[in-house]
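Biologist: Before we start, could you take me through this fold feature by feature, giving the general idea and then the case at hand?

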Amino acid sequence: MALQKDMTLNGGTVVSNCYVRIDSVEAVKANEDSGWSLKVLTRIYKDAAARSAGDPAGSEAVHLHTPQYREYKFDYDPASEKGNLIAVAYSKLKTYEDYIGASDV
């Protein structure tokens, strides 16, 4: 699972059809009085082939440095948002302004 979208690199260069992967997802609750949230870390690659560089796990892949490369935090309700956390995270990421219009690949 991944997203595909045109992305702007640091310096303003636009790269078409970048391959965006979620690197990690963590469901966290700061304390008993707080609600749950999802912490999502993304990595952006020139394309799917660049992500797979070196081996299937992409251990030698080079990710692009973009203003969008960062950790995101979304509200999360484990009672109503059941299922695969990565799929939930991709759905939430597509609602974030930097990823609106991204397509699933």
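Modeller: Let us start with the hairpin of β1 and β2, in which 5 residues lie between the strands and glycine 11 takes a positive phi near 100°. The model is predicted, so local features need pLDDT of at least 70 and side-chain atom pairs count only at pLDDT 80 or more, while totals for chains, interfaces and linings use all residues. Residues are numbered from 1 along each chain as its sequence is written, and side-chain values use heavy atoms, with hydrogens and water left out.

Biologist: Which residue has a positive phi although it is not a glycine?

Modeller: Most residues other than glycine have a negative phi. Here asparagine 17 has a positive phi of about 55°; this residue lies in strand β2, and its relative accessible area of 44% makes it partly exposed (buried means under 20%, exposed over 50% and partly exposed in between, with a 1.4 Å probe and protein chains only).

Biologist: How should I read the strands, and with which strands does β1 pair?

Modeller: Strands are DSSP runs of E with at least two residues, helices are runs of H or I with at least four, and both are numbered from the N terminus; two strands pair if DSSP finds at least two bridges between them. Strand β1, residues 3-8, pairs in the antiparallel sense with β2, residues 14-29, over 5 bridges, and threonine 8 has valine 14 of β2 as its bridge partner. β1 also pairs in the antiparallel sense with β5, residues 103-104, over 2 bridges, where leucine 3 stands opposite aspartate 104.

Biologist: Which residues of β1 are on its covered face, and which on its uncovered one?

Modeller: In a regular strand the side chains alternate between the two faces of the sheet. In β1, the covered face carries Leu3, Lys5 and Met7, whereas Gln4, Asp6 and Thr8 are on the uncovered face.

Biologist: How many residues does the largest nonpolar core have?

Modeller: A nonpolar core is a set of buried Ala, Val, Leu, Ile, Met, Phe, Trp, Tyr and Cys residues joined through side-chain atoms within 4.5 Å. The largest one here has 23 residues, and those with the most contacts inside it are Leu3, Val40, Ile44, Leu93 and Tyr99. At least two residues of this core come from each of β1, β2, β3 (36-45), β4 (71-76) and α2 (85-93), with the largest share, 5 residues, supplied by β2. Counting a contact as heavy atoms within 4.5 Å, and leaving out residues up to four places away in sequence, leucine 93 touches Leu3, Ile22, Thr42, Tyr72, Phe74 and Tyr99.

Biologist: Is isoleucine 44 buried or exposed?

Modeller: Isoleucine 44, in strand β3, is buried, with a relative accessible area of 0%.

Biologist: How many salt bridges does the count come to?

Modeller: Side chains of opposite charge can pair when their charged atoms come close. A salt bridge is defined as a side-chain nitrogen of Lys or Arg within 4 Å of a carboxyl oxygen of Asp or Glu, and by this rule the count is 4. One of them joins glutamate 81 to lysine 92, with the closest N and O atoms 2.8 Å apart. This pair links distant parts of the chain, with glutamate 81 in the loop between β4 and α2 and lysine 92 in helix α2, 11 residues apart; lysine 92 is buried at a relative accessible area of 15%. Another joins aspartate 104 to lysine 94, at 2.9 Å between the closest N and O atoms.
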